Structure formats: C-alpha cells, structure tokens
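Please look through the structure below from its sequence to its fold.

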Amino acid sequence: MSEALPLRELQLRLRTLIADPRGLAPEQRERLVAELPISGDARLSPAQRVAIYADMHRLRLRDALAEDYRALRRSLGDAAFARLVRTYLVRHPSDRPSLRDLGRHLPGFVEHHAELVEHAWQQDLARFEWAMVDSFDAADEPVLRAPELETLAPEAWPGLRLRPVRSLVLLGLGAPVDLVRERLLRGEESGDVPREPVRLRVWRQEWKVFHRRIDEIEAAALDWLREGATFADLCDWIADRDGDDRAAELALDLLRRWLDDELLAA
C-alpha cells in the first residue's frame, strides 16, 4: 500500500479506476491500484476489491439504460444490447449525478452507428422510448378541462389561449414502432416490421405516459401551437392551410380531442 494521497487526488484516481467506460485490463488495474492506499486481505487483493466496484458501476449503468429502453433491449437481445451500451458509454459516459439523463444521446448515437443494431426500425424504437422517458419527467402543470369552457361566453372564444402541455412530444417515424413495442413487451417476436410513415404524440396524464397516432394536420397544429396561440389563430391557420369551409368545425374537433386527452395547459 502506498503513501496517503490528498483526498481530491485519491477521489479522482478512484473515479478513473471505477468509472472508466472503456474498462481496464487486469494488469493495468493492478499497476494503478498499487499506487493508491488501498489494502487487501486473504480473500481479495486491492485490485480485486476495486474491480468489484467497477463491475457494479458498469452493471448499474447498463441496467439504467435497459430500463429506459426495454423494448430495444428485447429486440436486440442481451448480448447485442450490452455491446451497444459499452460502445455508447465510451462516447457518452455518465456525466450527471442522476442517471435519468444517461440515455439522452442514445437515439442519435444509434442513428449514426447503424452497425450496432440489426434493423433500421430499431433507430425509431429508440427515439420512441426516449420520448416516453422525456414525457414522464416533464414539469407538472394544470390542464385545461372541458367544464372550464362550458361557461365561456361566445365572445370570449376567439381569445381563448391554447398551448400544449410540456409533456407533449411529437414524433415523425418511419416504422410502426408503437405496435412493435407492445409486441416486444408482451414477450412476442417483433415480426416483419414494414417501413411506413407514422406520426405519434406522446404525453403524460398524472403518472402515466400515453401515445396516440395522429394525422398530418394535428401534428402540424400541435407543433404550431407550442408558442401559444388563440382559438381564433387556430381557425385562421386551418383556413389558410385547408380552406375556409371547415376551419371552425375542424378546430373544434381538434379542441375536443385535446381536451379529452388533457393535452392543453390551463
């Protein structure tokens, strides 16, 4: 065992030994541990003791990602998912106190490293699963409900302010990964997954995250409303896009749908 080191230097060296995402060869770990004031006993050498913590750290990171990307892990299998995680963590090591954000770069990483997955739709699946994580952790806020509008005077409707809740995530995907995810989480095979455009909205109600397929106009309207707009603005936007004939009717239909799903902020 070596001389005692200043606490800060000891912490940094231990962090390298335990948290290095590339992993250390046994002989390299032995050499580095020998420079630190770490003792062993009859059962474990100093390097073996450090190796236990390094393995625990690595497995904890893998388990955190496996929880966020449950369907992706099932579709890849444990070995391929573990290989993806190892490669990902070298490029994007844990850099925050909370593991909540550990997987935030994975969808983009998979998109740029297609060789780490078997099918193109798995890239969309990663985007979908991270959207569900993001939606679940979005800030709480009161939602607009239908009873609040029942007493609204007719002349007040044009100025009704509309904004989606912060938990809303809009996705444009190239495969029906919403259905694939359901099959995978039921323990079934993914089956043949067609390439087809799918638009989804993902949002949270209370403690549960929901998703629903939407058409092009609803996706565009929700995206346009993010900055906040009035009901009159929505009608005008629909009229400019699809003509005046059904603008008010379509706007009311969207409004009812969003109120039922608690999709609008109060």
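**A guided reading of the model**

Ala 64 is found in helix 3, where helices (H or I, at least four residues) and strands (E, at least two) are DSSP runs numbered from the N terminus. The model is a predicted one, in which local features need pLDDT of at least 70 and side-chain atom pairs count only at pLDDT 80 or more, while totals for chains, interfaces and linings use all residues. Residues are numbered from 1 along each chain as its sequence is written, and side-chain values use heavy atoms, with hydrogens and water left out.

With a relative accessible area of 10%, Ala 64 is buried; buried means under 20% relative accessible area, exposed means over 50%, and partly exposed lies in between (1.4 Å probe, protein chains only). Leaving aside neighbours within four places in sequence, Ala 64 is in contact with Leu 99 and Leu 102, contact meaning heavy atoms within 4.5 Å. Between the C-alpha atoms of Ala 64 and Val 202, which are 138 residues apart along the chain, the separation is 21 Å.

The largest nonpolar core has 40 residues, and those with the most contacts inside it are Leu 72, Phe 81 and Leu 84; such a core is a set of buried Ala, Val, Leu, Ile, Met, Phe, Trp, Tyr and Cys residues joined through side-chain atoms within 4.5 Å. Among the elements that give two or more residues to this core are helix 3 (46-68), helix 5 (78-91), strand 2 (169-173) and strand 3 (198-205), and helix 7 gives the most, with eight residues. Leu 84 touches Leu 72, Leu 76, Leu 106, Phe 109, Val 110 and Leu 116, if residues up to four places away in sequence are not counted. Apart from this core lies another, of 26 residues, including Leu 149, Ala 229, Phe 231 and Leu 255.

Helix 7 (residues 121-136) also packs with helix 9 (residues 177-185), at an angle of about 80 degrees and with the axes 10 Å apart. The axes are lines fitted to C-alpha atoms, for helices over the stretch in contact, and angles run from 0 to 180 degrees between N-to-C directions. The two helices are therefore roughly perpendicular to each other, a term for angles of 65 to 115 degrees. Among the residues that make the contact are Trp 121 and Phe 128 of helix 7 and Val 180 and Arg 181 of helix 9.

There are five aromatic pairs in the model, counted where rings of Phe, Tyr and Trp (its six-membered ring) have centres within 6.5 Å, with planes under 30 degrees apart called stacked, over 60 edge-to-face and the rest tilted. Tyr 88 and Phe 109 form an edge-to-face pair, 5.4 Å centre to centre and with 70 degrees between the planes. Because Tyr 88 lies in helix 5 and Phe 109 in helix 6, this pair ties together parts that are 21 residues apart in sequence. Tyr 88 counts as buried at 0% relative accessibility, and Phe 109 counts as buried at 5%.

The rings of Trp 224 and Trp 237 have their centres 5.5 Å apart and their planes at 15 degrees, so this pair is stacked. Trp 224 is partly exposed, with a relative accessible area of 33%, whereas Trp 237 is buried, at 17%.

Finally, the backbone: most residues other than glycine have a negative phi. Glu 206, however, has a positive phi near 55 degrees; this residue lies in the loop between strand 3 and strand 4 (208-213) and is exposed, with a relative accessible area of 58%. Glu 262 likewise has a positive phi near 55 degrees, is found in the segment after helix 12 (247-260) and is partly exposed, at 21%.

Methods
Parallel < 35°, antiparallel > 145°, perpendicular 65-115°, else oblique.
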